[in-house]
Amino acid sequence: MTDIEIARQCKLHNIGVIAEKLGVDKSNLEFYGSYKAKITAKPSIRGDAKLILVTAINPTAAGEGKTTVSIGLADALNLIGAKTCLALREPSLGPVFGIKGGATGGGYSQILPMEDINLHFTGDFHAITAANNLLCAMIDNSIFQGNPFNIDPERIVFNRTLDVNDRALRGVAVNCGVKDTTEHNEKFNITAACEVMAVLTLADNLADLKRRLGNILVAYSFDNKPIFARDLQAQEAMTILLKDALCPNLVQSIGGTPAFVHCGPFANIAHGCNSVQATKLAMTYAPYTVTEAGFGADLGAEKFLDVKCRVSGLCPNAVVIVATVRALKLNGGADKNSLSCEDLTALNNGMCNLLRHVQNIRDVYKLPCIVAINRFTSDTQREIDAVAEAVCKLGVEAIECDVWGKGGKGATELARKVVALCNADNGSFTFAYKDDDSVESKILQIAAKIYGAADVEFSDKAKNSLQSLRSVVDVSKLPVVIAKTQYSFSDDPKLLGAPSGFTLHVRDIEYRGGAGFLVALAGNMLLMPGLPCRPNAVGMTIDDDGVIDGLY
């Protein structure tokens, strides 16, 4: 059966029942139909709360199943008596209709209702898009209405956004041929990569949200003065649009595990984590919280640890690194059409990718970790054993699981090992860099320690951007988000495995004053993805009764 067929045959509980099971008071529930609700309660993390971060090897066309494993692990933890809640990101319409598909798991390890979650859900993405574009409208209106802030139209640094993949919007001109207006160049970011998304993800409450929105840098004046959203008095109206979106969403897994699903920044071009509020709420209501960070550990986990944990004070008690035999073989040079055939040579050649991620978590961040081998039916026992043996040499366990086919029952051994890892408390969490390190040093340390790079090359544009920023704002203590390809440790998507000795190329540096970090754009990474030759949108159907087919 397909994921959507499996989802439709599963019986959903009323979300009020799920909330009651979790211990959420009815007064803190805002219902969006029978199976979705927003939670208005304030986080108050319980003293015995354990946080489990699920990450993965670098993604390949063979698939890794990180979200699927996250959901299955949470179901398994509940099955063995460890009360657990999920904290996951919301899907973006870009991948849903593009190339990657949805973000609700798969098989018997899904969060439901998957069709709602993968589409409009509770409207959070639309609210973010509206708030972002309201600010853009107010920038252009200020210029039209006499330009009181002396804004240089060619130095507007805040972009419009849309939650679809559309490469045509990477460069546009606005006010073309419109009387009495100023034409200028513009570009769109996808909503998952826009600063308003990052702001909502990191905000503690309405007051913090408003403050962060006001701190968004929108443009420079002709005399090089920075103009912020607060100068345009935009933060109040933006907050009004976002007041409901600020509250985390509650849904459920097939196994009945409560799941807070909130915010959805990409990990390759943004900071890749669900909201701080959702994670803290999960840790308020359950002794164990399973959360995930996007793409490989070099992207999502690095940003979870160096940005989200730094800002929020959170710290994982255990890290699960998801790998598949198929993906490791692809990293080792196997033909993508023969991944179902046993190939120990390719597997061993590609093992370096997994081992580097394990070493990064264990040696750079000093966190206890375990490998989850997400088993496919074509995997042979010799291949599974080879992965376990390679990881064992690093002093780390690898446990196979089958959550796609068995749900939580396929990960109970993994769950027991994770509980033991959490309770061992043998971690001494450290960041990859210090707050006081220079911006250049922070980028170099991520590149060297996490990616395996020998050096970082800053383009003239990146150097000039950083120099301009330093002349108008204090960037000295800000964490850095590196936007780069998800397919490689490097900025070259073709360098698979675990390359080393390469140079990371930083082409520009952007300031996210509201979010409170810098973005270093590496390689050819763009903030607005394009659609593939045959996007997921082609082939989707909806019948006269509203039943959708082909939605991943």
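Me: In which loop does Pro113 lie?
Reply: Pro113 lies in the loop that runs between strand S6 (109-112) and helix H5 (114-118), where helices (H or I, at least four residues) and strands (E, at least two) are DSSP runs numbered from the N terminus. This is a predicted model, in which local features need pLDDT of at least 70 and side-chain atom pairs count only at pLDDT 80 or more, while totals for chains, interfaces and linings use all residues. Residues are numbered from 1 along each chain as its sequence is written, and side-chain values use heavy atoms, with hydrogens and water left out. The loop asked for is therefore the one between S6 and H5.

Me: What is the omega of the peptide bond from Leu112 to Pro113?
Reply: Most residues other than glycine have a negative phi, and most peptide bonds are trans. The peptide bond that leads from Leu112 to Pro113, however, is cis, and its omega is near 0°.

Me: With which residues is Ala7 in contact, leaving aside its neighbours within four places in sequence?
Reply: Ala7 lies in helix H1 (residues 3-9) and, at 11% relative accessibility, counts as buried, where buried means under 20% relative accessible area, exposed over 50% and partly exposed in between (1.4 Å probe, protein chains only). Although Ala7 and Met114 are 107 residues apart in sequence, they are 7.2 Å apart in space, C-alpha to C-alpha. If contact is taken as heavy atoms within 4.5 Å, then, leaving aside neighbours within four places in sequence, Ala7 is in contact with Gln110, Leu112 and Met114.

Me: Which strands stand at the edges of the open sheet of four strands?
Reply: This sheet has the order S20-S22-S23-S21, with mixed pairing, where two strands pair if DSSP finds at least two bridges between them. Each edge strand has a single partner strand, so one side of each is left without a neighbour in the sheet, and these edge strands are S20 (455-458) and S21 (480-483).

Me: At what angle to S21 does helix H17 run?
Reply: Helix H17 (residues 439-451) lies across S20, S21, strand S22 (503-512) and S23. Axes are lines fitted to C-alpha atoms, for helices over the stretch in contact, and angles run from 0 to 180 degrees between N-to-C directions. On that basis H17 runs to S21 at about 55°.

Me: What is the angle between the planes of Phe429 and Phe431?
Reply: The structure holds one aromatic pair, where rings of Phe, Tyr and Trp (its six-membered ring) pair if their centres lie within 6.5 Å, and planes under 30 degrees apart count as stacked, over 60 as edge-to-face and the rest as tilted. Phe429 and Phe431 form this pair, which is edge-to-face, with 5.1 Å centre to centre and, between the planes, 75°.

Me: What is the relative accessible area of Gln233?
Reply: Gln233 is found in the loop between S13 and H9, and its phi is near 55°, a positive value in a residue other than glycine. Gln233 is exposed, with a relative accessible area of 65%.
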